[in-house]
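Here is a short briefing on one protein chain. Take a look at the structure before reading on.

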Amino acid sequence: MGLPSQVAPPQIALSDAPATGVVGADVVAIPVLSDADGPALGPGAAELLDELDLDVFGLLEQAQATGKAGEVVLHPVLSTEGLSNDSLRCLLFAGIGAGTPADLRRAGAALARRTKGKQTLATSVAALADDAGLRAFVEGLVLGSFGFHRRSAGPTETPVSRVVLAGLTDCASREDALGRALAVAGAGWMARVFALVPSNEKNPQWMADRAAEVATSSGLGIKVWDERDLAREGFGGLIGVGQASATPPRLIRLDYTPASSGPDTPHVVLAGKGITFDTGGLSIKPADGMMTMKRDMTGGGVVIAVMGALADVDCPVKVTGLVACAENAVGGNALRPGDVLRHYGGRTSEVTNTDAEGRLVLADALAYAVAELEPSVLVDVATLTGAMKVALGQRTAGIFANNDALAALIRSAGAAAGEPLWRMPLVEDYEDRLDSKIADADNAGGGPGAITAALFLQHFTGSLPWAHLDIASVGDSPVDSYEWTMGATGFGARALLHWLELREPLAGVTS
Ligand code: BES
Ligand code: MN
Ligand code: ZN
């Protein structure tokens with residue numbers, strides 16, 4: 001494409017050698033636990049102290065280290081005399097708190113930040129972790145390394161090239177956990193890239209092209225509807241929202257079938273909002289509110305990235321991903337306030353605000369799924385409402401669901417993955433906000449905004465078990481915070497994969 005080359009995540013390998021014995025490592029990181037009576041050295045410290053004349057406790061005290069997760073104390077190595085590794089330039093003492101997965105994820109991300117520009121990091125942190133801990137550490141390392149740019153001179157910083165997880169007792173038994181971690185982190189990375197690509201490059205067809213690449217590399221089925229197909233088959237929401245754009249709408253369908261699939265295999269449908277730019281349409285947004293709207297396709301990008309990783313996490317259920325892509329633009333042929341759209345299957349919406357466009361395109365995708373795909377459950381992911389940010393801020397997403405078991409499964413997967421979700425209510429009393437004088441529903445009935453948006457979508461779910469993830473607020477991180485890098489977060493990829501890799505992703509979910 002002629003675009004500047006991007007940074008790549010570090011290569012990560014497992015080793016039973018001690019961290020000090022990893023040939024070519026310019027950085028060695030030793031874990032430090034935070035104990036009741038001060039910082040305590042984790043595995044790998046003994047081998048290090050054998051070779052090095054270093055008062056580690058004096059050093060940690062000097063640095064006022066506590067061993068809390070994410071803390072990193074740096075000690076330069078000025079001479080390698082007497083060391084088995086003459087490449088060593090720097091020691092890092094990495095706080096891992098109590099060593100929980102959440103602690104290790106933070107430690108991984110903090111190490112990723114402190115090793116930018118280095119060659120090889122060897123660390124014994126994973127030696128004290130179980131598989132969940134190793135995964136969290138690797139997910140933190142990879143996502144904390146994330147970078148994206150469009151600078152002509154290349155990236156301003158590059159992640160460490162290689163990380164060796166050293167001091168493991170049985171490497172072969174950890175390969176599965178490493179593979180899953182790389183798949184999940186890779187999906188999060190991909191979702192961030194998609195969200196960050198500017199909208200002069202990224203339009204509905206661009207999304208379809210990325211989906212096609214993922215389908216090829218991951219062996220998925222793919223179908224793409226162009227604007228003519230969409231009009232012919234009655235996808236009025238996508239057509240209406242996308243009609244003023246120079247780049248017409250697309251609906252993307254990706255299909256994953258597990259090797260073990262049989263007639264009773266459950267079928268999950270994931271639907272993502274793929275608005276490649278949201279001006280608000282004729283109900284136009286103020287300039288400030290439009291600034292981040294290139295990432296209004298985050299839900300759709302998350303769905304594509306998740307679909308690409310399902311085989312790698314050995315997902316046991318059938319999954320279909322639907323991505324409803326349109327650019328919400330202004331123009332002489334734009335959707336107008338007062339227009340009535342006819343969604344797939346026939347339900348109608350009166351458009352009282354063209355900026356409430358996400359629900360209009362998702363409605364088509366959900367209605368199509370219910371009518372054509374025989375889903376066991378529906379899950380949609382969308383940067384749907386600014387109201388979500390007011391309610392929950394930028395670190396916790398909202399999850400609406402008509403099924404307690406489904407909500408609990410996704411929430412606990414999110415908690416394990418580092419993507420917290422808070423359950424929001426589908427308050428029936430607010431249904432009358434959706435009333436329209438002339439259509440089946442009003443697309444912008446008013447507050448409470450996140451709830452009325454969810455209620456609008458619920459009418460398209462055919463009473464199937466359904467969860468709706470409103471990621472408007474968490475799609476963007478205002479600061480660098482551990483594995484969350486400033487800007488696009490790709491929120492949802494990790495939570496959905498931690499859910500879909502369960503042996504029974506639909507345990508207890510009955511309609
Ligand atoms: N894409 C926005 C929601 C959004 C806002 C995402 C801020 C990320 C950050 C969505 O299409 C939108 O404009 N929603 C409106 C709905 C309203 C007009 C009923 C909103 O939330 O203001
Ligand atoms: Mn909008
Ligand atoms: Zn939007």
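Predicted model: local features only at pLDDT ≥ 70, side-chain atom pairs only at ≥ 80, totals over all residues.

The contact between them draws on 17 residues from domain 1 and 19 residues from domain 2.

**The area between the domains**

- About 1600 Å² is buried between domain 1 and domain 2.
- Carbon and sulfur atoms give 64% of that area.
- Which residues of domain 1 lose the most area to domain 2? They are Arg-105, Leu-143 and Phe-146.
- Together, Arg-105, Leu-143 and Phe-146 make up 42% of what the domain 1 side buries.

**Charged and polar links**

- Two salt bridges are counted between domain 1 and domain 2.
- Arg-113 forms a salt bridge with Asp-480. The closest N and O atoms of Arg-113 and Asp-480 are 3.7 Å apart.

**The domain 1 side of the contact**

- Two helices, α3 (101-114) and α4 (131-144), each supply at least two residues of the side that touches domain 2.
- Which element gives the largest share of this side? The answer is α4, with six residues.
- By class, the domain 1 side has six nonpolar, five polar and six charged residues.

**A three-stranded sheet**

- Three strands form an open sheet with mixed pairing. Their order is β12-β13-β17.
- The edge strands are β12 (340-342) and β17 (441-442). Each of these edge strands pairs on one side only.
- How do β12 and β13 pair, in the parallel or the antiparallel sense? They are antiparallel, and three bridges join them.
- Strand β13 covers residues 348-350. In β13, Glu-350 stands opposite Val-340.

**Two backbone details**

- The peptide bond from Gly-447 to Pro-448 is cis. Its omega is near -5°.
- Where is Pro-448 found? It sits in the loop between β17 and α14, a helix spanning 449-458.
- Gln-64 is not a glycine, yet it has a positive phi of about 55°.
- Gln-64 also belongs to a loop, the one between α2 (56-62) and β4 (72-76).

Terms used:
Residues numbered from 1 in each chain as written. Chains lettered and ligands numbered in written order. Heavy atoms only, no water. Contact = heavy atoms within 4.5 Å. Buried area = accessible area lost by both parts, 1.4 Å probe. Salt bridge = Lys/Arg side-chain N within 4 Å of Asp/Glu carboxyl O. Helix = DSSP H or I, 4+ residues; strand = E, 2+ residues; numbered from the N terminus. Nonpolar A, V, L, I, M, F, W, Y, C, P; charged D, E, K, R; others polar. Pairing = 2+ DSSP bridges.
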